[in-house]
Amino acid sequence: MNTSMGERLAWARNQQALILQQVSERSGLAIGYISQLEKGAKKNPTIDALGRLANALNVSVAWIMGEVPGPDHDDRAAMLISGQAYTIRQRFNEYYTGLAKSEWDRLALKSVEERFALVVDFLCREFPDRFTRPVVAYQLGLSVRALNDVLERGTELSPLSLTQISRITGIPSRFFAIGQMEAPSGELLPLDRLMAYAEAIALAAHAKITPEELVKLIRELQSRK
């Protein structure tokens with residue numbers, strides 16, 4: 001992990017789904033001081049501060065200082081997925097299968113953003129020691145304000161945010177797209193929906209548009225059905 005001290009501190013905090021306030025409470029250091037260290041605004045913490053941070057984040061002082069190696073970038077994603085996401089997916093699947101069929105039908109009629117909001121509420125309710133809105137925003141690379149806009153105002157999510165929430169939670173992208181956890185054996189999407197996707201992809205290839213623009217095009221086509 002060829003990163004700065006601040007990036008290592010932020011990564012260790014993120015892996016444990018901690019917000020700055022929690023690290024502050026564990027270490028006895030001011031939130032502003034920890035934030036400045038993470039951002040690189042302060043570069044020379046005292047030995048005492050390093051020890052407190054190491055204890056708060058369950059890492060060694062040597063690791064914080066970059067004297068021992070950490071996992072590569074790809075391994076960091078794998079650690080998040082294999083541990084946290086497996087547990088979340090199992091719990092969410094239990095919640096989903098416990099719903100009545102009428103609830104499943106209602107989920108299918110909701111927007112992508114409404115299903116995303118349902119998942120975020122589930123995370124904060126079922127894993128309160130690991131997830132808060134600031135934690136979710138951090139893991140998605142969003143500001144808390146941007147996340148709140150999606151949750152409370154239905155602001156459209158980017159494809160990258162949808163991909164990341166699926167990776168963080170293990171909840172398949174199918175759920176966010178059409179409100180289903182798994183496709184029944186042998187079942188394909190309805191022909192009209194397949195045609196909508198095919199039409200959008202063909203137009204995107206011809207126009208050489210970005211993935212974000214492709215998603216908007218697919219949504220526009222679906223809204224006409």
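I started with the aromatic pairs and found eight in this predicted model. I picked out tyrosine 95 and phenylalanine 122, a tilted pair with 5.5 Å centre to centre and 40 degrees between the planes. Tyrosine 95 sits in helix H6 (residues 73-97) and phenylalanine 122 in helix H8 (residues 112-126), so this pair ties together parts 27 residues apart in sequence.

Next I asked myself: is phenylalanine 122 buried or exposed? I got a relative accessible area of 2%, so phenylalanine 122 is buried. Tyrosine 95 came out partly exposed, at 28%.

Then I checked phenylalanine 175 and phenylalanine 176, which make an edge-to-face pair: 5.8 Å centre to centre, with 80 degrees between the planes. Phenylalanine 175 counts as buried at 0% relative accessibility, and phenylalanine 176 does too, at 3%. I also noted one aromatic cluster, with Tyr95, Phe122, Phe175 and Phe176 among its members.

On to the core. Which residues touch the most other members of the largest nonpolar core? I wrote down Phe116, Leu123, Phe131, Phe175 and Phe176, out of 31 residues in that core. Several helices supply at least two residues each, including H6, H8 and helix H12 (173-178). H8 gives the largest share, seven residues.

I looked up phenylalanine 131 as well: leaving out residues up to four places away in sequence, its contacts include Ile88, Leu123, Val136 and Ile168.

Last entry: I found another core lying apart from the largest one, with 17 residues, among them Val23, Leu29, Trp63 and Ile64.

Note on methods:
Residues numbered from 1 in each chain as written. Predicted model: local features only at pLDDT ≥ 70, side-chain atom pairs only at ≥ 80, totals over all residues. Heavy atoms only, no water. Phe/Tyr/Trp six-rings, centres within 6.5 Å; stacked < 30°, edge-to-face > 60°. Helix = DSSP H or I, 4+ residues; strand = E, 2+ residues; numbered from the N terminus. Buried < 20%, exposed > 50% of the residue type's maximum accessible area, 1.4 Å probe, protein only. Core = buried A, V, L, I, M, F, W, Y, C linked by side-chain atoms within 4.5 Å. Contact = heavy atoms within 4.5 Å.
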